[in-house]
Amino acid sequence: MSSDELKRRAAERALTFVTSGMRLGLGTGSTAAHFVELLGARVRAGHLDVVGVPTSEATHRLAVQHGVPLTSLDDTPELDLTVDGADELDHDLRLIKGGGGALLREKIVAAASGRMVVIADQSKLVATLGRFPLPVEVIPFGYRSTALAIARAAGKLGLDPVLHLRSGSSGSPFRTDSGNLIYDCDLRAIPDADALAAALTAIPGVVEHGLFIGLCSAAVVAGADGIRVLD
Ligand SMILES: O=C[C@H](O)[C@H](O)[C@H](O)COP(=O)(O)O
């Protein structure tokens with residue numbers, strides 16, 4: 001079974017967490033896109049009555065396309081449930097997110113939600129976070145100084161945070177929906193995610209990092225042998 005089919009199965013299962021009347025956070029990425037599409041089908045069929053807050057401009061467009069009614073955090077500052085993908089998750093439901101550059105809005109929306117459910121295919125579940133390069137969002141002012149501070153915080157000699165580039169472009173830096181830059185930090189393993197998260201948060205030019213700790217309450221993980229719900 002393809003990884004995309006597994007993502008869709010996880011998304012389908014996550015619909016069982018949704019009930020009418022819920023205010024939902026809508027994640028970003030290929031897995032979350034399956035959820036938005038399936039959710040839209042239920043809404044259009046009259047089986048669910050929900051409102052969603054998208055975590056990116058891309059998800060906003062997708063939700064409109066699939067007929068999911070939208071609101072904003074300004075109008076609806078508290079949400080019931082966010083369903084989102086992840087780049088990695090461990091068995092303590094700590095996550096790396098932001099491979100698609102949406103980590104800032106994703107974290108704000110997750111923090112405003114009573115529950116966050118992550119949907120993923122089995123390949124994302126790891127014993128120790130860090131195989132996926134950790135995205136760190138920084139403001140453009142002084143970004144090279146901020147990169148040095150990130151390398152120091154990561155405590156790895158020779159770590160070279162790499163500026164995330166636009167896909168398929170001529171090498172221009174990727175800009176987030178908030179106009180910031182992303183550094184990808186290839187750490188191989190993050191043995192103490194809490195300490196790293198605190199160190200990154202303390203750097204003035206860092207807007208947010210892709211470590212999601214204490215935010216995710218359940219994960220739906222789809223593998224070839226079935227679906228597991230971790231909580
Ligand atoms: O910024 C992107 C998000 O954090 C995504 O949820 C994450 O990158 C996973 O994306 P995908 O479901 O496409 O693997």
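This is a predicted model: local features need pLDDT of at least 70, side-chain atom pairs count only at pLDDT 80 or more; totals for chains, interfaces and linings use all residues.
Reader: What is the handedness of the crossing of helix 1 and helix 2, and how do the residues of the contact divide by class?
Author: The crossing of helix 1 and helix 2 is right-handed. On the side of helix 1 the contact is made by Lys7, Arg8, Ala10, Ala11, Glu12 and Ala14, while helix 2 contributes Ser30, Thr31, His34, Phe35 and Leu38. By class, the residues of this contact between helix 1 and helix 2 are five nonpolar, three polar and three charged.

Reader: How is helix 2 oriented to helix 3, and which residues of helix 3 make the contact?
Author: The axes of helix 2 and helix 3, the latter comprising residues 57–66, come within 8 Å and cross at roughly 25°. That angle makes helix 2 roughly parallel to helix 3, and the crossing of the two is right-handed. Ala32, Ala33, Val36, Glu37 and Gly40 of helix 2 take part in the contact, and the residues from helix 3 are Thr59, Leu62, Ala63 and His66.

Reader: By class, what residues does the contact of helix 2 with helix 3 have?
Author: Glu37 of helix 2 and His66 of helix 3 are among the residues that make this contact. By class, the contact of helix 2 with helix 3 has five nonpolar, three polar and one charged residues.

Reader: Where helix 5 meets helix 6, what are the orientation and the classes of the residues in the contact?
Author: The axes of helix 5, residues 143–154, and helix 6, residues 193–201, come within 9 Å and cross at roughly 155°. Helix 5 and helix 6 are therefore roughly antiparallel to each other, and helix 5 passes helix 6 in a right-handed crossing. In this contact Ile150, Ala153 and Ala154 of helix 5 meet Leu196, Ala199 and Leu200 of helix 6. The residues of the contact divide into six nonpolar, no polar and no charged.

Reader: Which element gives the most to the shell around the ligand?
Author: Of the 18 residues around the ligand, those that come nearest are Gly29, Thr31, Gly85, Gly99 and Gly100. Two or more residues are given to this shell by helix 2 and by helix 4, residues 103–111. By class, the shell around the ligand has four nonpolar, ten polar and four charged residues. The element that gives the most to the shell, with three residues, is helix 2.

Key
Residues are numbered from 1 along each chain as its sequence is written. A crossing is left-handed if the near helix is turned anticlockwise from the far one by less than a right angle, and right-handed if clockwise. Helices (H or I, at least four residues) and strands (E, at least two) are DSSP runs, numbered from the N terminus. Two residues are in contact if their C-beta atoms, placed from the backbone, lie within 7 Å. Ala, Val, Leu, Ile, Met, Phe, Trp, Tyr, Cys and Pro count as nonpolar, Asp, Glu, Lys and Arg as charged, and the others, Gly among them, as polar. A residue is near a molecule or strand if its C-beta atom, placed from the backbone, lies within 6 Å of it. Axes are lines fitted to C-alpha atoms, for helices over the stretch in contact, and angles run from 0 to 180 degrees between N-to-C directions. Angles under 35 degrees count as roughly parallel, over 145 as roughly antiparallel, 65 to 115 as roughly perpendicular and the rest as oblique.
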